[in-house]
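Here are a few notes from going through the model. Have the viewer open while you read, and start with the pocket.

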Amino acid sequence: MSWYRANRWWVLRLARLPLDIFVFGTIAFFLVRLLPGDPVSVAISSRSGTVSPEAIAAVRTQMGLDGTVWDQLLRFWGGLFQGDLGHSLVTGAPVIDEVFSRLPSTIELIVLGLIGAFVLCLVLGFLYLRFANRALRASIRVYSSFATTVPVFVVAIFLIVIFYVILDWLPAPLGRVSSGTLPVITGFPLVDELLTGNVDLFGETLVQYIMPVAAMVLTYTPNLLTQYIGGLDRELVQPTTRFQVAAGVPRKWIFFSVFRRSLSSVVVVFGLFFGSLIGGAVTIESLFGFGGIGALGVRSVQSVDFTALQGFLVVVVAVCLIAMLVVDLVNMWLDPRRRPGIESEAS
Amino acid sequence: MAETLIAKTVQAPPRRPARKRFGWLRVTLAFLPLVAILVVALFAPLIAPYDPVTTVAASRLPPSAAYLFGTDAVGMDVFSRTIFGARVAVQFGVIVALCSTIGGILIGTFIGLSESSRGVVGWIGRLLNQISDYLIAIPSIILGIVVVGIMGSSDFALIVAITLCLIQATIKLTRAEVLRVRREAYLEAAKLAGESPLRSALVHVVPNSIGPAMRNMPLVFGNCVIILASLGFIGVGVKAPTPEWGYMISSALSSLMLGRWWPAIFPAIFVALSVLAIAYSSRAIPQVWPYLAANVKKRFRTERNSRA
Amino acid sequence: MTSSDGTDFELTLSAVRKDFGRGHRKVTAVQPVDLRLDAHSELGVIGESGSGKSTLARMIVGLEHPTSGVISYQGRSVEDWLSNRASRLAYRQQVQYVAQDTTSFDPRQTFFESVLVPLRILRGVQSRSEIRDRLEAIAEDLSLDPALYSRYPHQVSGGQRQRFALARSLVVEPRLLICDEVVSALDVSVQGAVLNLIKRHVARHRMGLMFVAHGLPAVTFISSELLVMRHGEVVERGAVDRVVNEPQHPYTRELLEAYADSSSPESSPESGPEQREAAL
């Protein structure tokens, strides 16, 4: 019992995740049924000749769209618990496979962009802290004020114009590889290319990644940077820092201490803009011809693919929820004040 | 150098010095970017030399005196289209900002007031709060794709989609403010004066808690421009010939691969400029607002006194 | 039941108790207390902050619900009074509550707009000229300049704001007035003036008074009966003279000694340093 009380903060937070996904799945289920158009008639219209009512009913059953909405909902829930999201109405492939064949490449892009943004943020934060140069500090501040403004695809267009059209240093933004097909093992293109030992393809993809990842880094660094600079400014005047100065702690250590303490303010924003990262990745993929998760969403809306769309929604939201969960947990771990139920035990 | 840094920051906080000296210059500078966009949008037909949706010349002409930004793949004037693009963006921005602010204030007030109350009202409030929590979990572009897919591609669908993406912030801001106002003693006084809950909500709670939501409005406007351009870019935005920046960029990609950069770069520059301008104004206006309000009120009062 | 003879009324509390929180966090704000108030009552309630005296007052006007026990007015429980619109308005008109003013006025309304609301709703006065007359009369009574009605709360002094708070309650001519710390935030010089106004008004209109405060001088000045509370418990009650001259409970004695020590009879140990400065 005492274990539970001490660890309640993360146990409760963790327990909420399946519930959230379940509720959201139900919302998605009803949402996609608002789509105009009937998937059965879409599927049948591609066949030639007249179609008998029996055939329509057969197709309906085959698609899992027979019975009332409630029957379908029960089946959907049942599938959800087993990790089965049904079969695509258009391609017939399991939705879960369709989603997971595309999701890793999107996540790879996001992770690369995030790592780059994080590193750039640390570098700029270091410059900001190390050099008291007014012009440098002002320019870092101005750059950080670009947070959540210019959309990532606009930055990418600028990069393409400069590095492809004018300078011609980088290849045309047309997919990950110019020839051949990507090997598929884990779904993460870079990892797969390394695993199959295909160094040529790996290099090619790496070069293709320069512009999209640079665009993401340039776009998302200010988000982290505003928080980080704010954190640095706050930490510098904290009593802790003053005490260290007064106690004659070496400068290097003071810097390190301030640097580390300000990092927790960066973690907070990760959860907040993960959604916009996915949105940004969708536009970037469409711009560079990568064809990731966003293309699946557009396709399933256009082809009235109920199951694919609801599966797509559930997975995307689950990814976002998991990202938020991780950020929440890290935050609570770093800062006990954020743990729910803490104040009740204090008083 | 590092030593001076520590000494300096410990003596004086590195926060920007409080800006006490306001002037009309500052006020003008704060409003200028926003007003410039609005002016371009308003007077687009006067500024643009050609009709934005008709072919006026050969395709992909480079920029020249006659065609400032060149022509695009079907021979439409890129300059005219870009200028009219501001008009489209502003139209959507204003409507979405109004919808999400008014809707957000109403929903946020309802959630704030119904919180911790029992019965049906409490449940509805909690449900709305939960839904608005889920809304941030969905990336706005994904939400846009789905809503536009469901409602069909129309201006109304786009407005609904973008409003759904942006209303959450207004709801949260208003809710927090309502929760603060709710504890104020004047609500108790109103109750003791016999005012009904509905009346006191409309007369006391709403006017006293709309501040943050109103200050958030320029930001909603800016975000709307971003989302509209992004949706247009991936092909679920406004319909084809309409001069919308995101759609213009995506349709110019084929030209870009051929090395013709002008149809893509100019709308991109305008998206960036307008979004930065709105962001700047939305940060600067709240800073000069107290000065402006105080001066306007003073002027108004002296006028009234001189009349009396 | 709602009808009554003249201005007489009877409000009784029987075994009224109030807890806040649940489980191991439960705090008892008011231990079971019995009390009776009528048109001749001048009851003072005194105690340090957190002693439950405000909770007691707020329960009477229905801002808090007692955990157990019954508060009844004219033989009918307050819960019952507040259950439907007509009797709720009647009860609100007859029992009025004034709190410390600091935030009790909507910052976006003028005093005129704030004060006319109870008159309109609780008294049903609709004609503009009558509203104007009544507001001016009450302002006169509380020695307020009627011109101040067009001001906003932040434009007047604390004493004026407090008098407007009183005006808002008194304008409906209640039978029982409950004052909760109405003078605690005021300067000592203003305190006396406000207390005098309350005393005079209550005497003239023959209304019952319950006066809650943490400052002893104010309470002894205005009331004839005293209730001393500590940690939610009534530790001593009786006529003011009796309690002041022969305190029974050690806490009351402590309280009285604290005042005897201080040089000025108007200052109180709990009041802020700036107030004590003003008194010295």
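**Notes on the model**

1. The second largest pocket holds about 1,500 Å³ of space. Of its 41 lining residues, those closest to the centre are B:Leu113, B:Ser117, B:Arg182, B:Lys191 and B:Pro197. A pocket here is an open set of points on a 1 Å grid over the protein atoms alone, where a 1.4 Å probe fits, with protein on both sides within 12 Å along at least five of seven lines; lining residues have an atom within 4 Å of a point. Points are joined across faces, edges and corners, and the volume is the space filled by probe spheres set on them.

2. Before going further, the ground rules: this is a predicted model, with local features needing pLDDT of at least 70 and side-chain atom pairs pLDDT 80 or more, while totals for chains, interfaces and linings use all residues. Residues are numbered from 1 along each chain as its sequence is written, chains are lettered from A and ligands numbered from 1 in the order written, and side-chain values use heavy atoms, leaving out hydrogens and water.

3. Which elements supply the lining? At least two residues each come from α4 (78–114), α8 (185–192) and α9 (197–209) of chain B, and from β1 (10–20) and α3 (85–94) of chain C. The largest share, 7 residues, is from α9(B). Helices (H or I, at least four residues) and strands (E, at least two) are DSSP runs numbered from the N terminus.

4. By class, that lining has 16 charged, 15 nonpolar and 10 polar residues. Ala, Val, Leu, Ile, Met, Phe, Trp, Tyr, Cys and Pro count as nonpolar, Asp, Glu, Lys and Arg as charged, and the others, Gly among them, as polar.

5. On α3(C), the buried residues include C:Leu89, C:Tyr91 and C:Arg92; buried is under 20% relative accessible area, exposed over 50%, partly exposed in between (1.4 Å probe, protein chains only). At the start of α3(C), a side-chain oxygen of C:Asn84 comes within 3.2 Å of the backbone nitrogen of C:Ala86.

6. Over all chains, the count is 0 disulfides.

Key. Polar contact = N/O pair within 3.5 Å; in protein donor to acceptor, adjacent residues only side chain to side chain. Disulfide = S-S within 2.5 Å.
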